[in-house]
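Here are some friendly notes to read alongside the model. Keep the structure open and look for each residue as it comes up.

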Amino acid sequence: MKIRSKILVTGGNGQLGKELREFSSLHTGLDFVFLSREDLPIEQFELVRNYFNTLKPAYCINCAAYTAVDKAESEEDLAFLVNGEAVGVLAAVCKEHNTKFVHVSTDYVFNGEATYPYTENFPTDPINVYGASKLEGEKQAMELNPDSLIIRTSWLYSSFGKNFVKTMMKLMNEKDEIKVINDQLGSPTNAEDLAETIFNVIGFCHLQIYNWKPGIYNFSNQGIISWYDFAKAIKEIINSPCSIKPISTAEYPTPAKRPAYSVLDKTKIQETYGVQLKDWKKSLAICIEKIENTN
């Protein structure tokens, strides 16, 4: 009889945390413990250690993060505490308890000046505080626990929480015309697909179908688009009469700079863990249907 393994998920009420929660209900061989920010602020290090001493998880998936990209420019210390130092502490505590650590990072660790998809070993050079804080978390995790598995993702959205897709759907219902940036390119990621990938990696390693291979991996849906293309696809799927006008980044200044190009090369995760990538537009349609069915 196989021993049930406990999986601790931090940031359990965020987009990804809630998607993982949905998957967890389908699996009986793994015990999930979901902790929200209120349950476990990961920057409270003694609390983190107490939870690990009590739960003794076999795996920890860190979905907790400071994600307010523009606000991070004026809250640098907090961003680095949550996205940097706290990740290092989590990784170190995982090592002490022989817990496999999975951490979610971002495409924003790159400067956006590339013209072809970023591989995992491409030199990092974040252009905003959020990206720099997430890069610090990666560095601390790998330094304090080289057995960590880090997944960089991009343009995350979900039927849960606040995100680009839900914002666009709302604006398209309220306005006759909206303006969307057309000179930033990337790949959207349905958080449901990322959750499934994390779930499969842990599940396959747990069942010894694959060996645990630590390091940094990229994941997103398949395809390269602009935010304008993304908005046009949303408009098409919901059949909105709203007019969408393309604008440049210069016409929409924000406190934090955004990378102009942040497409991730997913070859490594496909080859190492047999991950199947889904087309961005098909995943978008699935998410929108989910949103419409819950409203």
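1. Let us start with a term: two residues are in contact when they have heavy atoms within 4.5 Å of each other. In this predicted model, 83% of the contacts with a separation of 6 or more in the chain are between residues 24 or more positions apart.

2. A word on how to read the values. Residues are numbered from 1 along each chain as its sequence is written. Because the model is predicted, local features need pLDDT of at least 70 and side-chain atom pairs count only at pLDDT 80 or more, while totals for chains, interfaces and linings use all residues; side-chain values use heavy atoms, with hydrogens and water left out.

3. Now the overall picture. The chain has nine helices and 12 strands; these are DSSP runs numbered from the N terminus, with helices being H or I of at least four residues and strands being E of at least two. The C-alpha trace spans about 55 × 40 × 35 Å along its principal axes.

4. How much of the chain is buried? Of its 295 residues, 53% count as buried, where buried means under 20% relative accessible area, exposed over 50% and partly exposed in between (1.4 Å probe, protein chains only).

5. Next, look inside. A nonpolar core is a set of buried Ala, Val, Leu, Ile, Met, Phe, Trp, Tyr and Cys residues joined through side-chain atoms within 4.5 Å. The largest one here has 31 residues, and Leu8, Phe52, Cys60, Leu90 and Phe101 have the most contacts inside it. Two or more residues each come from β2 (30-35), α2 (45-55), α3 (76-96) and α4 (129-144), with α3 giving the largest share, nine residues.

6. Beyond residues up to four places away in sequence, Leu90 touches Ile42, Val48, Phe52, Cys60, Asn62 and Phe101. Apart from this core lies another, of 29 residues, including Phe23, Leu30, Cys205 and Tyr217.

7. Thr189 sits in strand β9 (residues 189-190). Is Thr189 buried or exposed? Thr189 is buried, because its relative accessible area is 0%. Neighbours within four places aside, its contacts include Trp155, Tyr157, Leu194 and Phe219.

8. Finally, find Ala256 in the loop between β12 (243-247) and α8 (267-273). Ala256 has 0% relative accessibility, so Ala256 counts as buried. Leaving aside neighbours within four places in sequence, Ala256 is in contact with Val69, Asp70, Glu73 and Asn128.
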